[in-house]
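Reader: I am new to this structure. Please walk me through it, one feature at a time.

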Amino acid sequence: MARKKRPDDTRLAVLLILPATLGLVTFYFWPLLRGIWLSFTSWDLLSAAQFVGGENYVRMVQDPVFWNAIGVTLHFVVLNIGVQTVVALMIAVLMQRLTGSILVRSLILAPYLVSNVVAALVFFWILDFQLGIGNQVLHWLGLDRVGFFTSETWAIPTAALVNVWRHMGYTALLIFAGLQAIPAGLYEAARVDGAGEGRMFRSITLPLLRPILGLVLIISVIGSFQVFDTVSVTTGGGPVNATRVLQVYIYENAFAQFDFGYASALSVAMLAILMIVTFIQYRITRAGQTDLN
């Protein structure tokens, strides 16, 4: 009996992916290529772009504000990723061990449903130096008021912790999904051998959770480098340059000074930094490999 020929679905597949491909090219690849081109030009939006070669990149290397923005951004990233990952991991482990309630998971995810601008403004009001309830509580406890968003020392840590509050639930759920993939039999065998919770966490949970932790770190670092709205609506980059992260500096050059060529060069530099950091993270965490065989 002749075998029935399988229908060719190539045309259908192309038709289905065509809208997404057009969107990707229109809103991602074309702006990327145009941004790279503009980084070699001088353009103020009102007149034609003039090619200036590598002048913008030379200026960038000699720009102290750029290097300060890199340092401030790295400070934010380290604080945000460090605290967020540890807290999210603790929440995920507690969810796995103590409760399977969908309601609890929903409540943990709730802050992520609040926009960055709203979350930043709410904490800006709560932590206001004079009228914020946070500083009122410190005053009632006999402690000095703290300029959470007005102090050069506290501004970036405060912005980072606001970001942690919003994203830790989402990160915890990603890690929780990774925990669910670990076979329960491994923990049972470890208990039979007399291993405690701490030993099982170090020897089973963390090693087998490595791929998902690597993915979470890569996503979180990329998102942290692109922080803008939290800083923009609270400090605007101040006091002085204490919170002028790279995204804010790019925005100021593009839409305050209309120096789109230099802003594009800064954006390309940020893209290069993210590519390098992501590659290093991917290699170190071995995010594409798993120990579950």
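Author: Begin with the elements. Helices (H or I, at least four residues) and strands (E, at least two) are DSSP runs, numbered from the N terminus. Phe 258, for one, sits in the loop between α11 and α12. This is a predicted model, where local features need pLDDT of at least 70, side-chain atom pairs count only at pLDDT 80 or more, and totals for chains, interfaces and linings use all residues. Residues are numbered from 1 along each chain as its sequence is written, and side-chain values use heavy atoms, with hydrogens and water left out.

Reader: What is the mean pLDDT of the chain?

Author: First the term: pLDDT is the predictor's confidence in each residue, from 0 to 100. Here the chain has a mean of 90. A value of 70 or more is reached by 95% of its residues. Among the elements, helix α2 (residues 55-61) has the highest mean, 97. Helix α4 (residues 102-109) has the lowest, 84.

Reader: How many helices and strands are there in the chain?

Author: The chain has 12 helices and two strands. From the N terminus, the order is α-β-β-α-α-α-α-α-α-α-α-α-α-α.

Reader: How do I read the overall form?

Author: For a compact globule of 293 residues, the value would be near 19 Å. This chain has 24 Å. Its C-alpha atoms fill a box of roughly 80 × 70 × 30 Å along the principal axes.

Reader: And contacts?

Author: Contact means heavy atoms within 4.5 Å. Take the contacts in the chain with a separation of 6 or more: 65% of them join residues 24 or more positions apart.

Reader: What share of the 293 residues is buried?

Author: Buried means under 20% relative accessible area, exposed over 50%, and partly exposed in between (1.4 Å probe, protein chains only). Buried residues make up 37% of the chain.

Reader: Is Asp 259 buried or exposed?

Author: Asp 259 lies in the loop between α11 and α12. Asp 259 counts as buried because its relative accessibility is 17%. Leaving aside neighbours within four places in sequence, Asp 259 contacts Trp 43, Arg 59, Asn 253 and Ala 254.

Reader: Is Trp 125 buried or exposed?

Author: Trp 125 is exposed, because its relative accessible area is 58%. Trp 125 belongs to helix α5 (residues 116-126). Beyond neighbours within four places in sequence, Trp 125 is in contact with Gly 132 and Ile 133.

Reader: How is a pocket found?

Author: Rolling a probe the size of a water molecule over the atoms shows where empty space is left. On a 1 Å grid over the protein atoms alone, a cavity is a set of points where a 1.4 Å probe fits but cannot get out. A pocket is an open set with protein on both sides within 12 Å along at least five of seven lines, and lining residues have an atom within 4 Å of a point. Grid points are joined across faces, edges and corners, and a volume is the space filled by probe spheres set on the points.

Reader: What volume does the largest pocket have?

Author: The largest pocket has about 640 Å³. It is lined by 23 residues, and the closest to its centre are Pro 31, Leu 32, Ser 267, Val 268 and Leu 271. Helices α1 (10-38), α11 (246-256) and α12 (260-285) each supply at least two lining residues. For classes, Ala, Val, Leu, Ile, Met, Phe, Trp, Tyr, Cys and Pro count as nonpolar, Asp, Glu, Lys and Arg as charged, and the others, Gly among them, as polar. This lining has 17 nonpolar, five polar and one charged residues.

Reader: Which element gives the largest share of the lining of the second largest pocket?

Author: That is α7, with six residues. The second largest pocket holds about 350 Å³. Its lining divides into seven nonpolar, 11 polar and two charged residues.

Definitions and conventions. Rg over C-alpha atoms; globule rule 2.2 N^0.38 Å.
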